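Work through the following exercises with the sequence and the coordinates open beside you.

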Amino acid sequence: MNINLDVQDISTRPAEKCVTKLKAENINLYYGTFQALRNVTLDIPSCSITAIIGPSGCGKSSMLRLFNRMNDLIPGARVEGNIELDGIPIYNSKIDVVELRKRVGMVFQKPNPFPMSVFENVAFGPKRHGIKNRGELEQIVEKSLRQAALWDEVKDKLGQSGLALSGGQQQRLCIARVLAVEPEVILMDEPCSALDPVATLKIEDLMRSLAADYTIIIVTHNMQQAARVSDTAAFMMMEPDRAGVLVEYGPTAQLFTNPKDKRTEDYITGRFG
Amino acid sequence: METRTAFHKKLREIQDDILALGSMVSKATSRSIEALKKRDLELAQHVVADDKKVNQKRYEIEEKCVELIATQQPMASDLRIIVAVLSIITDMERIGDHAEGIAKIAIMIGDEPPLKPLIDIPRMAEQTIDMLRRSLDAFINHDAEAARKISAEDDTIDQLYDQVFRELLTFMAEDPKTITRATRLIWVAHNLERSADRVTNICERVVFVVTGKMEEIGASKY
Amino acid sequence: MAIAKFDTRRISQRTAFTFLGLATLITVIPVLFIIVYTIVQGGGAITWDFLSQFPSQAGRAGGILPAIIGTFYLMLGTLVFALPIGVLAGIYLTEYARDNWLTRLINLAIVNLAGVPSIVFGLFGLSVFVLAFNFGLSLLSASLTLAAQALAMVITTSREAILAVPREYREGSLAIGVTKWQTVRHIVLPQAFPGIITGAVLAISRAAGETAPILVVGAAFLLPGIPQSPFDQFMALPYHLYTVAAHVPNMPKETIWGVALVLLVVVLSFDVLAAAIRIKTRQRSQL
């Protein structure tokens, strides 16, 4: 299953800015003896939003977690195949996983602000990466919160607990926390599934505004969300042995108006069965 | 705070496209009449050739609408705008086809001596174009009142068409040799009358966008 | 008929509630009885002299100051050894150890450690700290012995407190390129701190009440002074209580209960301290 997307296809982006940021080739992922992903190959273009959709258990979250090696945390997880970030293989013993995760940040399903102030939440990453100067930290915090479209709402309560914010604000705080370490890629694992519709639309707007400068990959079980927000979409599903495979990968508009694969058509039209 | 800014931006783009398409078909109509008046065959050829661009633009807008429906799940007024656009572009494409028809008649007439100076036909064209322009303004401004008014003006077009028809009929009755030329001019007037009917369709869509009701306004006599 | 059925159900519900309430009451009664009885019996012995004087006439007269101080030293020593080792072990076992046979063996050992009779710890302390390490019968030997006993509880409570820190916090930190140790240090430990400290305080308050282990590693019944170094012998409340109650003839009953009351207050005050720390830090961590 080699569905490679010609990055030039992404009409909404200036072609010269778009390069292949992440490349996954013939990925097989195992948890113990269970095969979670089979032969997945896809190229993620930079400065755009790529959505991964598919039914529950199709391995889309597993796929996402491969890009910053969060699967390493799961005992018994084993990866075959090659994943490259800017042409550098990331499943290589010489790769510093901590450094990789600095470049490939992640936002989770449930908003998970740390139990500390709004300011400390955003400053947490930069502090750990060695920035001590208070003025510099203040600048980073303001810039990140502005980027995350949260500054105006929290600028007067930076000292308050991050947990006191609303769900949508908490998730934007988590995005600001990731932005503060200046990543190149942001992985989002169902970032809106715990939010109400209005908060969801705000996050989607935020994602669109970030897409100009960051490579964003979002996993969502909400097909409509993938359609609204992404430039490129990947559809994954389970084979009979429950291993996840990539069925179709292409420009979002095409995938949702005229999918090439019958299985994609069946899934997005609700005839999946 | 406005959400879905990316979607609303695309929706505005489509509305800009509608205005662009409107100006394309207005121009085609006025040029076809000018070609007829001035016996400018080259201009007429241009109008015929340009109709392809009109059709192309129409498909382009249609595709954008389908994409927005598929990816953005438009609701309420957003949905009505997109549905209206899909209908309006068909009407405008037809207006373009009528202009092309007039240009083809101008080519057919070629350098035959004129039957009479053209007065009412250019007036019909001018008014149709004016109605089209204002109907698109009404669409952009969501102005149902203006749309109803424009639609009512179709009666004047019908009257002008009646006038042109009776006049040319007199010519034909007096001198059967003029039948060919007079019939062609009747076709021209008929094309313009049809174009104006399309404008009333556009006005109906404007009312639909604003009120959400599909109503027939100012049914044409023809 | 429907009503009758409803009635039997209500009766059985009432019966259940009554028994449950009774069971709860039964657990509370002995505790209250012990506290009240100790106060009634020993309250009269508590005077400033009793708390601030050295004992005389084999404990029949005078005070119990060296025993109180000895117990505090002992608790301090236990804390110094048990807390860091216990917490570090707890961190290692939860955050770093792989799930293999060795880890499982260690976990099993820790669980069993808590079940080892305290006199066995005393013998262990005697042979290892007193004799092998040559620390002699001393405060140090006793502290290490009690620390070894408290360790199981400190590790277990630390581990539970660390495990109770939501996985989401760890992931959120790791996902922005923060190292594992930084995550443990800045996210996990501050969150687990109230639980860890509560466990540690409870463990040493339990150690403070132990008699058997210190019996064989350095506690003395009567000493002329307060210990000057960790290598000195010491007096302690539980051992003093045991001796005056069991081995000193013609002991005034009120004095025995007085010692018991002081021991009870010391141990309970640490439990209260643990609760206070927990409440305080919980409030702070929620800002």
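## Exercise 1: Describe chain C as a whole

Solution. The model is a predicted one, in which local features need pLDDT of at least 70 and side-chain atom pairs count only at pLDDT 80 or more, while totals for chains, interfaces and linings use all residues. Residues are numbered from 1 along each chain as its sequence is written, and chains are lettered from A and ligands numbered from 1 in the order in which they are written.

Next, take the elements, which are DSSP runs numbered from the N terminus (helices are H or I with at least four residues, strands E with at least two). Chain C has eleven helices and two strands, and from the N terminus their order is α-α-β-β-α-α-α-α-α-α-α-α-α. The radius of gyration of chain C is 24 Å, well over the 19 Å that the globule rule gives for 287 residues, so chain C is more spread out than a compact globule; this radius is taken over C-alpha atoms, and the rule is 2.2 Å times the number of residues to the power 0.38. Along its principal axes, the C-alpha trace of chain C spans about 70 × 65 × 40 Å.

Finally, consider burial: 40% of the 287 residues in chain C are buried, a residue being buried if 20 or more other C-beta atoms lie within 10 Å of its own, exposed if 12 or fewer, and partly exposed in between, with C-beta atoms placed from the backbone.

## Exercise 2: Locate buried helices in chain C

Task: determine which residues of H10(C) are buried, and what covers the buried residues of H7(C).

Solution. For helix H10 (residues 237-246) of chain C, seven of the ten residues are buried, so the helix is largely enclosed by the rest of the structure. The buried residues are Leu237(C), Pro238(C), Tyr239(C), His240(C), Leu241(C), Thr243(C) and Val244(C).

In helix H7 (residues 167-174) of chain C, the residues Arg170(C), Gly172(C), Ser173(C) and Leu174(C) are buried. Their cover includes helix H2 (97-103) and helix H6 (167-179) of chain A, together with helix H8 (180-208) of chain C.

## Exercise 3: Compare the chain pairs

Task: find which pair of chains has the most contacts, and which residues chain B brings to chain A.

Solution. Of the two pairs of chains that touch, chains A and C have the most contacts between them. Chain B and chain C are joined by no contact, and their closest C-alpha atoms lie 27 Å apart.

The contact between chains A and B takes twelve residues from chain A and eleven residues from chain B. On the chain B side, helix H1 (5-38) and helix H2 (41-72) each supply at least two residues, and H2(B) gives the most, with five residues.

Chain B itself has seven helices and zero strands. For its 222 residues a compact globule would have a radius of gyration near 17 Å, and the 19 Å of chain B agrees with this; buried residues make up 41% of chain B.

## Exercise 4: Trace the strands and loops

Solution. Two residues separate S1(A) and S2(A) in a hairpin, and Gly32(A) in the turn has a positive phi of about 65 degrees. Leu22(A) has Ile44(A) as its bridge partner in S2(A), and stands opposite Leu85(A) in S4(A).

Asp86(A) is partly exposed, with 14 other C-beta atoms within 10 Å.

Key:
Pairing = 2+ DSSP bridges. Contact = placed C-beta atoms within 7 Å.
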